[in-house]
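Please read the following briefing alongside the sequence and the model. It takes up charged pairs and strand pairing in turn.

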Amino acid sequence: MAGVTYGGPFGPMDNDGSSSAAHRAPTEDTTTDITPDDPAGRSGFLKRLFGGARSPSVPAAPPVAADVSPPRAMPGLKNLRLKRLDDVLIPRAEVVAVPVDISLHDLVAKFRESGMTRLPVFQGTLDEPLGMIHLKDLSLNHGFNGDRDKPLDLEPLIRPLIYAPPSMPIGVLLTKMQTQRIHMALVIDEYGGVDGLVTLEDLIEQVIGEIEDEHDQEEGKFWRQEKSGCYLALARTPLSDFEAEIGFKLIEGEDEEEIDTLGGLVFILAGRVPARGEVIPHASGAEIEVVDADPRRIKRLRLRMPAAA
């Protein structure tokens with residue numbers, strides 16, 4: 001029955017059951033505009049799909065080179081689980097602590113010099129900590145309305161500390177500090193020695209960034225110029241930064257890659273840890289005076305440039 005069509009709800013149907021409308025659909029204009037500039041006819045397809053075509057005369061934007069430099073560590077909540085105490089602790093050499101038998105005058109001076117409100121207290125050495133002393137407790141007992149003439153007995157004023165391993169995530173210690181209401185922790189190594197110190201402020205700064213109050217010194221001030229050609233500097237002053245300040249290099253050659261600080265420079269020049277008050281000459285004619293030091297490390301230096309030496 002070739003050629004016979006049947007009526008259907010969608011128009012006449014051929015004997016194979018398909019709608020003749022479906023056969024006629026291809027007769028509509030579905031061709032794309034093929035031009036010499038667009039041999040594949042893609043512009044006509046894009047015109048119907050997006051209502052227009054990109055002009056071939058507009059050049060494509062050049063690809064942006066990806067920044068392959070390592071990302072800078074930034075504050076954020078992720079640091080609570082990614083960072084450990086050994087990433088944020090104050091090194092043992094920089095911990096300000098006091099012995100339990102310290103005098104009232106010396107303790108007040110230590111608080112004044114350090115600018116801290118809490119100081120660890122130890123018996124003998126820092127590896128035998130007893131706790132911490134809070135400036136408020138000292139003031140209420142030996143200042144303000146307290147008895148200033150009373151001999152200092154530090155033990156009743158000692159508050160507990162948290163002791164934590166260096167591998168502890170900082171988020172865990174932050175929770176312990178919040179729960180126990182203790183704002184200072186000593187980081188203890190596997191042998192029971194003190195590696196360093198962490199405060200509540202140190203942990204919070206890993207999340208929200210640097211916190212500075214009225215008593216904080218301006219960050220980055222490793223030295224100050226006392227007069228022309230004379231500087232008072234911390235021993236941990238970056239050597240490259242100080243060289244940029246004075247305009248000439250203090251060290252060259254192989255030692256340049258091994259020495260990072262002014263204290264390291266003095267140690268190399270002297271061949272030992274120099275004593276307080278000792279003056280170390282430099283080949284350039286400059287003089288480096290050791291203002292503050294202990295038997296283990298150099299703390300502060302006074303540098304006189306060749307013109308002022």
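Predicted model: local features only at pLDDT ≥ 70, side-chain atom pairs only at ≥ 80, totals over all residues.

**Salt bridges**

- Side chains of opposite charge can pair when their charged atoms come close.
- The count of salt bridges comes to nine, and one of them joins Asp86 to Arg84, with the closest N and O atoms 2.6 Å apart; Arg84 is itself partly exposed, at a relative accessible area of 37%.
- Arg272 forms a salt bridge with Glu278, where the closest N and O atoms are 2.4 Å apart, and Arg272 is partly exposed at 41%.
- Asp292 forms a salt bridge with Arg276 at 3.0 Å between the closest N and O atoms, a pair that links distant parts of the chain, since Asp292 lies in strand β11 and Arg276 in the loop between α10 and β10, 16 residues apart.
- Within this pair, Asp292 is buried, with a relative accessible area of 17%, whereas Arg276 is exposed, at 56%.
- Glu226, Glu289, Arg302 and Arg304 are linked in a network of salt bridges.

**Strand β11 and its partners**

- Strand β11 covers residues 287–293, and five of its seven residues are buried, so this strand is largely enclosed by the rest of the structure.
- Strand β10 (residues 279–281) runs antiparallel to β11 and is joined to it by three bridges, with Ile280 standing opposite Ile288.
- Five residues separate β10 and β11 in their hairpin, and Gly285 in the turn has a positive phi of about 105°.
- On β12 (residues 298–304), β11 pairs in the antiparallel sense over six bridges; Asp292 stands opposite Arg300, and a hairpin of four residues joins β11 to β12.

Note on methods
Residues numbered from 1 in each chain as written. Heavy atoms only, no water. Buried < 20%, exposed > 50% of the residue type's maximum accessible area, 1.4 Å probe, protein only. Helix = DSSP H or I, 4+ residues; strand = E, 2+ residues; numbered from the N terminus. Pairing = 2+ DSSP bridges. Salt bridge = Lys/Arg side-chain N within 4 Å of Asp/Glu carboxyl O.
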